[in-house]
Amino acid sequence: MASSEPPRKLVEAALLLVGRVHKGNSDAALAAEQELAAHWRTGSPECQAALETAERLWASTDGSHLQANVPPPSRQDPRRARRNTLGLLGLGGLTAVLWGGGRWAWQQPVFEQELQTTHAQQRDLSLPDGSELSLAPNTHTRIAIYRDRREVQLLRGEMRFRVAPDSDRPFSVTTEWGAVRVLGTVFSVSVREQQMRVAVAEGRVAVWPAEHPGTSVDMSAAPPVTLTAGDAIAADQRGLGPRLQVPADSVGAWRSGWLVFHNTPLDQVLDQWNDYLARPLRLGSHPHLRQLRLSGSFPLRQPQAFLTGLPDMLPVRVLRNGAGDVSVELR
């Protein structure tokens, strides 16, 4: 066995495999163990030394060990604290982290980003794993990619996902109202009007409702529903609603300049239009207005055509005041 310190990159690679053996799903753990047996345990002295280091780090360290050895930054001198932190990273770098906290380091995200879009703004993002995300207006999300999983937290708004397959790192989306897990598919998730809505364009997704709004979801349990292409479902404080059928090509149609509604409550229809309009549409106070539902496809660039046709589709009238504000009232 080599007695000198193994190269850092070899230790990183060995630690990734050791982590998958302990934290990956059954298939990933088996593949990692086979890789270790075939190329590391009986490989070159450098590989054996790197694996020995990685296994020792994994077995002997945890987050509390690392935290106990890193002094807290000074509140009185933040610039000095930052220099100290950079100095630690510069001198010891990842090697210090590995030697001091292998398991802790393995559990940290390799990519993190928080994004928000504003009124009438859409945004596309490519992730390091090859997945593609699109944000509708007024959307807030947090994204984290770990070595053994990929997580998106949707706080509000709507997102469309084209997920790159990676059986070693399941992809999940969580909201206040539930969670979705996929392995490779195209789908959208929205959080509006106190509910989560999921629609699938390709592949399959599993959906779990939250027991109570804001509580965590146990995605290790069998999902109560699995959606395939053309399926949609909503979850709110009452749990999961009925499975609905939608055209697969309408999922995330806002990316192509269309708003598509499927038996959507009128107040939610107006809310989605208001994500793009400079002057928001207002819904009248009559309680029957919130019971009306609309289906149809409308080009985003022609809101006037939508308003002109609305009285032909629903028992409503569209009123304008002297200031140019538009309200929808019961007819």
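**Exercise 1. From which domains does the lining of the largest pocket draw at least three residues each?**

Solution. Keep in mind as you work that this is a predicted model.

Step 1: Start with the domains. Domain 2 (111-245) and domain 3 (257-330) each contribute at least three residues to the lining of the largest pocket.

Step 2: Go down to the elements. At least two lining residues come from each of β8 (186-192), β9 (195-202), β12 (231-236), β13 (239-240), β15 (258-265) and α7 (266-274). Of the contributors, β15 gives the most, with eight residues.

Step 3: Find the middle. Of the 40 lining residues, Q195, R197, A234, P265 and Q268 lie nearest the centre of the pocket.

Step 4: The largest pocket has a volume of about 950 Å³, and its lining divides into 17 nonpolar, 14 polar and nine charged residues.

**Exercise 2. Work out where the second largest cavity lies, starting from the residues that line it.**

Step 1: Pick out the lining in your viewer: A136, E158, R192, W254, L259, Q272, D275 and Y276. By class, these are four nonpolar, one polar and three charged residues.

Step 2: Draw the conclusion. Because domain 2 (111-245) and domain 3 (257-330) both give residues to this lining, the second largest cavity lies between them.

**Exercise 3. Trace how β3 pairs with β2 and with β5.**

Solution. As a reminder, strands of a sheet pair through backbone hydrogen bonds, either parallel or antiparallel.

Step 1: Take β2 (residues 123-126) and β3 (residues 132-135).

Step 2: Follow the chain from β2 to β3. The two strands form a hairpin with five residues between them, and G130 in the turn has a positive phi of about 100°.

Step 3: Turn to β5 (residues 150-162). Four bridges join β3 to β5, again in an antiparallel arrangement. Here E132 stands opposite R162 of β5.

**Exercise 4. What is the strand order in the open sheet of three strands, and which helix packs on the sheet?**

Solution. Step 1: Read the order, which is β16-β19-β18 with mixed pairing. The edge strands, β16 (282-283) and β18 (316-320), each pair on one side only.

Step 1: Look at the pairing of β18 with β19 (residues 326-330). Five bridges hold this antiparallel pair, and V316 has L330 in β19 as its bridge partner.

Step 2: Place the helix. The answer is α8 (residues 303-313), which packs on the sheet and touches β18 and β19. The direction of α8 makes about 135° with that of β18.

Notes: Residues are numbered from 1 along each chain as its sequence is written. This is a predicted model: local features need pLDDT of at least 70, side-chain atom pairs count only at pLDDT 80 or more; totals for chains, interfaces and linings use all residues. Side-chain values use heavy atoms; hydrogens and water are left out. On a 1 Å grid over the protein atoms alone, a cavity is a set of points where a 1.4 Å probe fits but cannot get out, and a pocket is an open set with protein on both sides within 12 Å along at least five of seven lines; lining residues have an atom within 4 Å of a point. Grid points are joined across faces, edges and corners, and a volume is the space filled by probe spheres set on the points. Ala, Val, Leu, Ile, Met, Phe, Trp, Tyr, Cys and Pro count as nonpolar, Asp, Glu, Lys and Arg as charged, and the others, Gly among them, as polar. Domain bounds come from an automatic or database domain assignment. Two strands pair if DSSP finds at least two bridges between them. Contact means heavy atoms within 4.5 Å. Axes are lines fitted to C-alpha atoms, for helices over the stretch in contact, and angles run from 0 to 180 degrees between N-to-C directions.
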